Amino acid sequence: MARKTGAREEKAARQAPGMLTGRAWRFGDDVDTDAIIPGRFLTLYDPAELAKHAFEGTRDDFAGGAKPGDVIVAGKNFGCGSSREHAPLALKGAGIRVIVARSFARIFYRNAINSGMLPLVCPRAGEIRDGAVAELDLEGNFLTVGGERYELEPVPDFLKEIVDAGGLVEYARGLSEVRTCRDATT
């Protein structure tokens, strides 16, 4: 059955490339991967199925309320805990494409990129209130919320290319030739 498209999804689809507008889902510091997707759902691999359980038991309104274009904003150390790839997949399945936080756990950052999500560092992310409309300008590296501009740390172009491709696997599929260590010595 086809999903009915809402006005906000239609607006997001018409936006200029590099622009994203959605609701800010506010979280604090040290959001653990167990909070993002509880361990009992690690037998699931489909992002849409994982999304049904995102933040279950922690923030139950998220799974039913997140929409494409929405943005997670958080404090420091977002995605700490285990190295499970299920956490960014659950968020991606919920329509989240961007997470803005003061800092990220290293392995979550890598898993997010590999899954096709963009983690963005913003020193002032903790100031953004829950439910606010957030407008993200990827070209200008800033987020605007309620008229306030929040600067984002730049993301290297090669990481943006991986995210734009849909993740590391899709990015690698698009390469015509991959240079290996063996090739470098000949």
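This is a predicted model: local features need pLDDT of at least 70, side-chain atom pairs count only at pLDDT 80 or more; totals for chains, interfaces and linings use all residues.
Local features need pLDDT of at least 70, side-chain atom pairs count only at pLDDT 80 or more, and totals for chains, interfaces and linings use all residues. Residues are numbered from 1 along each chain as its sequence is written, and side-chain values use heavy atoms, without hydrogens and water.

The protein has nine helices and seven strands (DSSP runs, H or I of at least four residues for helices and E of at least two for strands, numbered from the N terminus). Of its 186 residues, 42% count as buried (under 20% relative accessible area, with a 1.4 Å probe and protein chains only).

The largest nonpolar core has 29 residues. Such a core is a set of buried Ala, Val, Leu, Ile, Met, Phe, Trp, Tyr and Cys residues joined through side-chain atoms within 4.5 Å. Elements giving it two or more residues are α3 (47-51), β2 (71-74), α5 (86-93), β3 (98-101) and α6 (106-115). Of these, α5 gives the most, with three residues. A second, separate core of 23 residues includes Val 98, Ile 113, Ala 125 and Leu 159.

Ile 72 is among the residues with the most contacts inside the largest core. Beyond its neighbours within four places in sequence, Ile 72 is in contact (heavy atoms within 4.5 Å) with residues including Trp 25, Phe 55, Leu 91 and Ile 99.

Turn to Thr 33, in helix α2 (residues 33-36). Thr 33 counts as buried because its relative accessibility is 1%. Leaving aside neighbours within four places in sequence, its contacts include Gly 79, Cys 80, Ala 87 and Phe 108.

Technical notes: Buried means under 20% relative accessible area, exposed over 50%, partly exposed in between (1.4 Å probe, protein chains only).
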